[in-house]
Amino acid sequence: RSRVVSAEAKMPTIRVDPKVWFSAERTFLHWSKLAIVFAASSAVITWSFSSVSSHACGLLIGFASLVILLYAMVKQARRVKYFKGGSGEVQVSVDDLADRKGAILLAATLTVVVVGLVLIPAMGI
């Protein structure tokens, strides 16, 4: 008699330490906090001044906030998908766990914002 075994039964179970879940969530919260600081700065600049250049600067910072928050959400979703895994469909890369692009994204975003804050008023927009 042959026994049929499902693909899920053949997959080894990987135990994920609870500290890993909390670490991933804490990282997401840090990125979210940074996005909230950018969004608050955007709101203050946009509504405190009535010039077109201040509105442009506020929109630039708001867009940077959105980029940072979307990056954090995508990264968190990938990590949770990996941790919940269990099926053979989850492909894990080193970049899903180690955040190599985050620092570059943050530096590029801050650079664009600072350059924008300097150039937009200087150009008289």
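Trainee: Where does I120 lie, and what makes that stretch a helix?
Mentor: I120 lies in helix α5, residues 102–123. A helix here is a DSSP run of H or I with at least four residues, numbered from the N terminus. Bear in mind that this is a predicted model, where local features need pLDDT of at least 70, side-chain atom pairs count only at pLDDT 80 or more, and totals for chains, interfaces and linings use all residues. Residues are numbered from 1 along each chain as its sequence is written, and side-chain values use heavy atoms, leaving out hydrogens and water.

Trainee: Why is I120 called buried?
Mentor: Its relative accessible area is 13%, and buried means under 20% (1.4 Å probe, protein chains only; exposed is over 50%, partly exposed in between). So I120 counts as buried.

Trainee: Why is S65 called buried?
Mentor: S65, in helix α3 (residues 52–84), has a relative accessible area of 7%, so S65 is buried too.

Trainee: Which residues is S65 in contact with, leaving aside its neighbours within four places in sequence?
Mentor: They are A35, F38 and A39; contact means heavy atoms within 4.5 Å.

Trainee: How do you know what the residues lining the largest cavity are like?
Mentor: They divide into 4 nonpolar, 2 polar and 3 charged. Ala, Val, Leu, Ile, Met, Phe, Trp, Tyr, Cys and Pro count as nonpolar, Asp, Glu, Lys and Arg as charged, and the others, Gly among them, as polar.

Trainee: What makes a space a cavity?
Mentor: On a 1 Å grid over the protein atoms alone, a cavity is a set of points where a 1.4 Å probe fits but cannot get out, and lining residues have an atom within 4 Å of a point. α3 gives the most to this lining, with 5 residues.

Notes. Helix = DSSP H or I, 4+ residues; strand = E, 2+ residues; numbered from the N terminus.
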